[in-house]
Each structure stands twice: as structure tokens, then as C-alpha cells.
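Hi,

Here is the structure I promised to pass on.

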Amino acid sequence: MAQQERVDWWAAAASRPRVVAQRRTAEPAPPEERAGREVYRSVQESDAFQEIRSGYRSFVFPASAGFLTWYLLFVAAQAFAPELMRQQVAGPLNLAWLLGLGQFASTFLLTWLYARNARTKRDRAALELRWDTQDQLR
């Protein structure tokens, strides 16, 4: 069996010259791009956009907090009150099964409410704002 030569890979890597990419200087943006940035900034600062965002936040944050609280209460009840969760409610269903199925039902309900809220309150306003923005960019 031939003797194998040991290679110190770290030393070999250190002896190679390092190639460093040169930094490119920032080139100024073309006037069309700067105009687009200004349009989008003005849209973002507009009252219509702020109204859409506040409508979104006024639904999403309370709904998310409520659902997260409901979920954490379910998990805490499973962990700290197992006897309560084992109580029979109807036939083979105990409280844990009932609340677990309630999690699925509340998820579907929350999804439906979100879609309805978006469709009735925000979608039209967002579409109008989008068309206004596109008109400004032309």
C-alpha cells in the first residue's frame, strides 16, 4: 500500500491569493425611475392609502389577537386542566374534542370574515388607488 501524502487544506487555502470583487459606485437612477419613486411615495403618504391601511389594521390586529388568545387558552386548558377537558359533553365527544373542532370552525369563520371585509371595504378603494397610481406613472 502506497503512503498517502497528508494535505493541510487550511494552509493550502490560505496560500491562494484572495479575489475580492471591486465595489461598484452607485450610479444615479434614471429620471423615469426617480419619478416612479416620487409617485409611490406620494401615494403612500396620501389619505386614501392611509385609510386603506387603517381599515386593514383595524380588522387584522384584533382578529389575530382574538384567535391567538383562543388558541393559547385551548392549549393551556389541555396542559393544565386535563380533567376538565376529559368531561363528556355528548356521547363519545368530550370537551377537548369539542374545543379542538371549534378551532377548525373558528379558522374557517375568520378566513370568511377576512375575505368579506377585504371585498366590501378595501378592494374597491385599493383598485381605485392603483388606477390613479398607474395614471400618474404614464
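Below is what turned up, starting with how to read the values.

This is a predicted model, so local features need pLDDT of at least 70 and side-chain atom pairs count only at pLDDT 80 or more, while totals for chains, interfaces and linings use all residues. Residues are numbered from 1 along each chain as its sequence is written, and side-chain values use heavy atoms, with hydrogens and water left out.

First, the aromatic rings. A search of the whole structure gives one aromatic pair. Its members are Phe 59 and Tyr 114, with ring centres 6.0 Å apart and planes at 45°, so the pair counts as tilted. (Rings of Phe, Tyr and Trp, the last by its six-membered ring, pair if their centres lie within 6.5 Å; planes under 30 degrees apart are stacked, over 60 edge-to-face, and the rest tilted.) The pair links distant parts of the chain, since Phe 59 sits in helix H3 and Tyr 114 in helix H5, 55 residues apart. Helices here are DSSP runs of H or I with at least four residues, strands are E runs of at least two, and both are numbered from the N terminus.

Is Phe 59 buried or exposed? Phe 59 is buried, at a relative accessible area of 17%, whereas Tyr 114 is partly exposed at 34%. Buried means under 20% relative accessible area, exposed over 50%, and partly exposed in between, using a 1.4 Å probe and protein chains only.

Next, the largest pocket, which holds about 180 Å³ of space. (A pocket is an open set of points on a 1 Å grid over the protein atoms alone, where a 1.4 Å probe fits, with protein on both sides within 12 Å along at least five of seven lines; lining residues have an atom within 4 Å of a point.) Its lining has 13 residues, and Ala 48, Glu 51, Ile 52, Lys 121 and Ala 125 lie nearest the centre. Helix H3 (47-80) and helix H5 (95-137) each supply at least two lining residues, with the largest share, seven, coming from H5.

Finally, the record: an unreviewed UniProt entry lists residues 59-81 and 93-115 as "transmembrane region", though such annotations may be inferred rather than shown by experiment. In the model, residues 59-81 are 96% helix and 0% strand, with end C-alpha atoms 32 Å apart. Residues 93-115 come out at 91% helix and 9% strand, and their end C-alpha atoms are 32 Å apart.

Cheers

How values were computed. Grid points are joined across faces, edges and corners, and a volume is the space filled by probe spheres set on the points.
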